[in-house]
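Hello,

Here is the structure I promised to pass on. My notes follow below it.

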Amino acid sequence: MIRSMYTAISSLNLQQKYLDVVSNNLANANTTGFKASRVLSKDQFSQMMSPGSSPTATQGGVNPTQIGLGVNLGYISSNFTQGVLQSTGRNMDLGVQGDGFFIYGNQNRRYSREGSMSLDMEGNLVNSASGLRTQGWMTDATGKIDTGLPVNDINIVTDRTLAKATTDVVLGGNLSSDAVTSATPTTISMGVYDSLGKLQMASITFTRTAAPLTWGWAITSSPAGAAGAGSITFDGNGQIVSPIAAPTTAIAFPVSAGAKTPFSPKIDFSKLTQLAAANSATVTSQDGLPAGNVTDVYISPNDGVISLMYSNGLSEQVGQVALARFNNPTGLMKGADTSFLAGLNSGDAQIGAAATGGRGSIAASYLEASNVDMAQEFTNMILAQRGFQASSRVITTSDEILQELVNLKR
């Protein structure tokens, strides 16, 4: 009877721990990025009453006889099934679709599925809840991201301005085949941006030569500074002959003080025609933009590349969010703020870019909800309660038997 009491007590202890885990799961049913835990039990050492015997020539074998001494906690492990991705409409809210963890903190690193991020006053990308700095890579001097380097804090400077110099100008439209040689030149205006975003104005004048299919062109500006001249030739169908003759002088445009020189955008004449129609030659497209300020920080889905968006329409890559994966994620240890720490049996963190090396992709504007199954947890709660009740009834019954034994002498 005494043994049955101790066996029942071991069950009471286990059911209490089971209930503790269930209550923690239910408490975090709405915690972003939370991973539910499960309890596995194991029986304790069994006392040998009889080892049994093997068969003989005249008698069959006898099985061993053992009495179990109760139950014990096997282990408590996290369940890393995918949680539902919930749309937030906020670009700095990130979720992971598949395996992988966000990395927070350069020292004493923590790994988490909770990806609500923001910029602190110093421009560091941090976890909104804990303030831990998000780890990743920054662009180098050439604007490239090397994901093979060690990760570090992501710092984003948002008080930047950026301009883009014009590199290509495309001309289109028609130069009238009825134009009189050198008597009716056609002039079109165009504006180009230098490396500092300053608009430089110039004109291109087309003049028909003595050869009926050839036109000369020249670039001028006021004040003087733009220069360049050359010729273009059309075929009998009014289409430009390729290749176009090289300019007789180098094309050059004036620049503002301090801008890069020489400033020589490429001018594309290939869309011009010479047909019996009115003159309509014009600039159809060109690149280059004036200076603009940062208006938004954008994190792209899938790869987690961070870009600055400017008021002039430009975008600039500045960094990339890193992900980590583990060979045995159930070996991770739970830390504070819905995070995990590397454990003795988790393996080393395998850090790299999202959507590579078995790491999941990043879902921008989404957060991963808790993967707690409330129906399952309430079922587990009932099982823990009934197991506790059954074990306590065993103790009550053992006590009654002991009471009867004591009363035998009466």
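Two strands pair if DSSP finds at least two bridges between them. Strands (E, at least two residues) are DSSP runs, numbered from the N terminus.

This is a predicted model: local features need pLDDT of at least 70, side-chain atom pairs count only at pLDDT 80 or more, and totals for chains, interfaces and linings use all residues. Residues are numbered from 1 along each chain as its sequence is written, and side-chain values use heavy atoms, with hydrogens and water left out.

First, a sheet. Three strands make an open sheet with mixed pairing, in the order E20-E14-E21. Strands E20 (266-273) and E21 (282-286) are the edges, each pairing on one side only. Strand E14 (residues 168-174) runs antiparallel to E21, and four bridges join them. Val170 sits opposite Ser285 in E21.

Next, the aromatics. Rings of Phe, Tyr and Trp (its six-membered ring) pair if their centres lie within 6.5 Å; planes under 30 degrees apart count as stacked, over 60 as edge-to-face and the rest as tilted. The count is eight aromatic pairs. Phe206 and Phe269 are edge-to-face, because their planes stand at 85°, with ring centres 6.2 Å apart. Phe206 is in strand E16 (residues 199-208) and Phe269 in strand E20, 63 residues apart.

Buried means under 20% relative accessible area, exposed over 50%, partly exposed in between (1.4 Å probe, protein chains only). Phe206 is buried at 0%. Phe269 is buried at 4%. Phe269 also pairs with Trp217; that pair is tilted, at 4.9 Å centre to centre and 35° between the planes. Trp217 is buried too.

Elsewhere, ring pairs link Phe80, Phe101, Tyr111, Phe326 and Phe340 into a cluster.

Best wishes
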